[in-house]
Amino acid sequence: MNTHPLPSTSPEHGEMHHPSDLPAPSDPHRAPYAVRTPGEGSRGDPLAQLVRPGSIHSALYTDETIFKLELERIFHGGWLYIGHESEIAEPGEYRRRQMGRQPVILVRGQDGQVRVLLNRCRHRGAMVCEQDAGKDKVFRCWYHGWTYANTGELISVSGPEGYGASFALSEHSLTPAARVEQYRGFVFASLNGSVPPVIDFLGGAAKIIDLLIDAAPGGVLSVRAGSNRTTYKGNWKQVGMDGYHPMYVHASVLSTWERHAESGEGLGATHSDNPFGFDSISETRDFGHGHTMLDFRKHRLKHTGKFRAILEKTNGGKEYIEALYAEHEADWADMLIAMAGDPHLGVFPNLQLINNQIRIINPISVDETEVIMFPVLFENASREINALRLRQHESFYGPAGSGSTDDAEIFERVQLGLNASVEPWIDISRGMEREWIDSDGSIVGHITDEVPQRGQMRQWLAMMSPPDAVSEGAH
Amino acid sequence: MADKPNGSAIAAFTGSPTAVAVTHTSALYADVAAFIFREAELMDGHCYDEWFDLWAPEALYWVPSNSEDLDPDKSVSIIYERYDQLADRIFRLKDKRIHSQNPKSRLLRIVSNIIAEADGEDVLVRSNFILGEVRSGHQEALFGRATYRLFRREGGWKIRAKKVYLLNNDAPMRNVTFLL
C-alpha cells in the first residue's frame, strides 16, 4: 500500500524523546524518524526506538519496510511451526505450507522421514507441488519434466544427454529447510541454520503444549479434520494473546453463554464463572522467546467438574477419563481434564494452540493476514468426543463462528485506526506495576494484563535487531 | 473409514429410492421455488426471526468446510448446528454488539438452477446462488449451492435440513456471519 522510498537522510535520534516532543510525521504511514534497512549504516539501533517498555510505535503495524524486515529476520530467520506429523502419517503424504514468502512442502518420504522442502524446481524454479494436500511417490515439475522422489532427491531429468558429464542428479535435490525438528509430533523448521535446538527455543512453552498432547489418550493427536481458513485486513501481530478484550469484543457471545450457563455443551461450558473478569484468578504468562499464554489453569481447576460432567454424558467419556488417569499421575490428569485440552498458548511467531485447534498465522502483507485453523482430534477417543470437539470449535471459530469473526473485525478497526499516527504510540503498559516473576522465570500477570504483548514485543525486537545487526548490514 | 459416517447428515440430503423428480411445470415446483425465493429475501433483509421461523425443531444447518460432503463428525465444518445452536446464532445476530455485522452487510442474492425431488412427505431441493455482499466499502461475491429437505406444514414449508456449499470453502475467507 505504501511504496514511499526510505528517507535519504536520517534525523538525529541520540536520545529518547517524550512522545509529545516528536513532530507530526510528514508521511503518517511510515516510521517518522527511525527506520533504515541494513546496509545504510546505522548509529545505534533504530528499531529499538520503536519499542519502549510500555508502548510501541504504530509503524510496527503499518510500515512496509518493517514488514519486509520481519519476513527476512523473523519468518525467514527463525523457527516456524510447519505442521503436525499426523497430517502426513503415511509415506508420500504431503501438505503445502508457507514460511513467510517461501512456499514449502511438508512431506513424509518413502523412508518414513518427515522433511520440509522448498517448493521450487532446481531447474527453472517452478513449484513442483501444486496440490494443497495429497500423497505421491514423486514431485514432478511440469515445466520440463524434472522429477524428484518424495525424499527430495532428483531422480530424473528429461533429455539427460543434454547435460554434461559434470552434471550430477545428487547435487540438484529439492532444497531442504536448514533445520527441521519436532516436539512430540509438532514439526518446526527454520530457513536459518544458526538457531538453537527447537526444545530450547520452546523452553517453558513445551510443557504447555503437553496440555494438549497428553489430553489425547496415548498422546496421539490426529490433525486430519480439515481446516477453516480466514483472512483479515490487518497486520499479523494483531493475532496476539489478549485476555483484556473478551468482555467487549465477545460481549455478544458472553450474553449467549449466559442464556444456558449450566446446561450448555458449547465452548461456554468450560468458561464458567467469567475467567476474564477483573476479579478472576486467571493469569497471563510470558515464557520468553515471545511464547505467551492466557493461563486459565487455576481458574479451570476450580471448575473441573463442568467438563468432566460433559464427558460423562458423552459416549466414550468415561473410558476417556479412565485412560487419562491410567496414563498420568493423578494431579496431571486432574489438570488435563480441567483444561479440556486447551493450552491457550502462543508460540512466536506463527503458532497458536487455542481451544481445540492448532492455528497457523501467515503474514500476507503489512495489512493482510491469513489465519488457518486446524481442529485437533484425539485418535483414541470416541467419535462422539471428537464430534463434540469439532462442534465446540465451530461455535466460536472459523469464518462463521461467533468469536474469531468479531476478533477479525476489531483487528481491521485497529489497522485503520493506526493510520492516525499524529500521536503514534500504542499503549501496552497494563499490569506493568503488578507483574511478577515465577520460579521458572516466566513473567506472570493478571488475565487482563498486557504481559503477552510485552513478551512478544521483546522477542520481536530481539529478532529484528540482533546485537550484530549493524555488522550484518555490511553484506 | 472403519466406522459409519454421521448418518443424519448424509440421510438428510439424500433422497430415498422411491423419490421422484418434480417437473418444472408442476404446481409443486412453483410452490417450492416461491419458498426458496422468499427465504432468499428474508436472508438478504436480515429478517432473523422470520427466517428462523422457517425451521422445524429437528433442524440441521450445515455449511461444510473444505468440501461438500465430508463426514461432519470427523471433519471440521464452517457451521454445523441443530436447532438450539441455531437459536443461539439468531440470538447473537440480534445483539448490537456483534461487531462483524456492525455495520451490517448489504446483501443481494440471485437464486437459480432449482431442482426438486419429492421424497415421501418431504421435498429435496437444490439451488445455486450468487450472493453479493457490500460492507465497509468493500464488495465480495460468494457462489454456492444450497440443498434443502423441506416438508409442508400449516400451509407453508418448513426446513428440516439445509446445507450450504460455498465454492470458496477451502480458501481464505472473510466473515460470513450473515444468513446463508
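Start at the place where the two chains meet: 33 residues of chain A and 30 residues of chain B make the contact (C-beta atoms, placed from the backbone, within 7 Å). Before you click further, note that this is a predicted model, in which local features need pLDDT of at least 70 and side-chain atom pairs count only at pLDDT 80 or more, while totals for chains, interfaces and linings use all residues. Residues are numbered from 1 along each chain as its sequence is written, with chains lettered from A and ligands numbered from 1 in the order in which they are written.

**The A side of the interface.** Select β14 (228-232), α6 (251-259), β20 (368-375), α11 (383-396) and α12 (404-417) of chain A: each gives two or more residues to the side that touches chain B. Helices here are DSSP runs of H or I with at least four residues, strands are E runs of at least two, and both are numbered from the N terminus. Now highlight α11(A), which supplies the largest share, eight residues. Colour this side of chain A by type and you'll get eleven nonpolar, 14 polar and eight charged residues. In that scheme Ala, Val, Leu, Ile, Met, Phe, Trp, Tyr, Cys and Pro are nonpolar, Asp, Glu, Lys and Arg are charged, and the others, Gly among them, are polar.

**Over to chain B.** Pick B:Leu28, in helix α2 (residues 27-44) of chain B. Beyond its neighbours within four places in sequence, B:Leu28 contacts B:Val22 and B:Ala118.

**A helix in chain A.** Next, select α2 (residues 64-75) of chain A, where the buried residues are A:Ile66, A:Phe67, A:Leu69, A:Glu70, A:Arg73, A:Ile74 and A:Phe75. Show their cover as well, which includes α1 (59-62), β3 (80-84), β4 (93-99), β19 (357-365) and α13 (451-464) of chain A.

Three strands of chain A form an open antiparallel sheet in the order β8-β9-β10, pairing being at least two DSSP bridges between strands. β8 (138-140) and β10 (154-156) are at the edges with a single partner strand each, so one side of each has no neighbour in the sheet. Zoom in on β8(A) and β9 (147-149), joined by three bridges, and find A:Phe139 opposite A:Tyr148.

**Last, colour by confidence.** Chain A averages a pLDDT of 89 (the predictor's confidence in each residue, from 0 to 100). Residues 1-43 of chain A stay under 50, and residues 469-475 are below 50 too.

Technical notes:
Buried ≥ 20, exposed ≤ 12 C-beta atoms within 10 Å, placed from the backbone.
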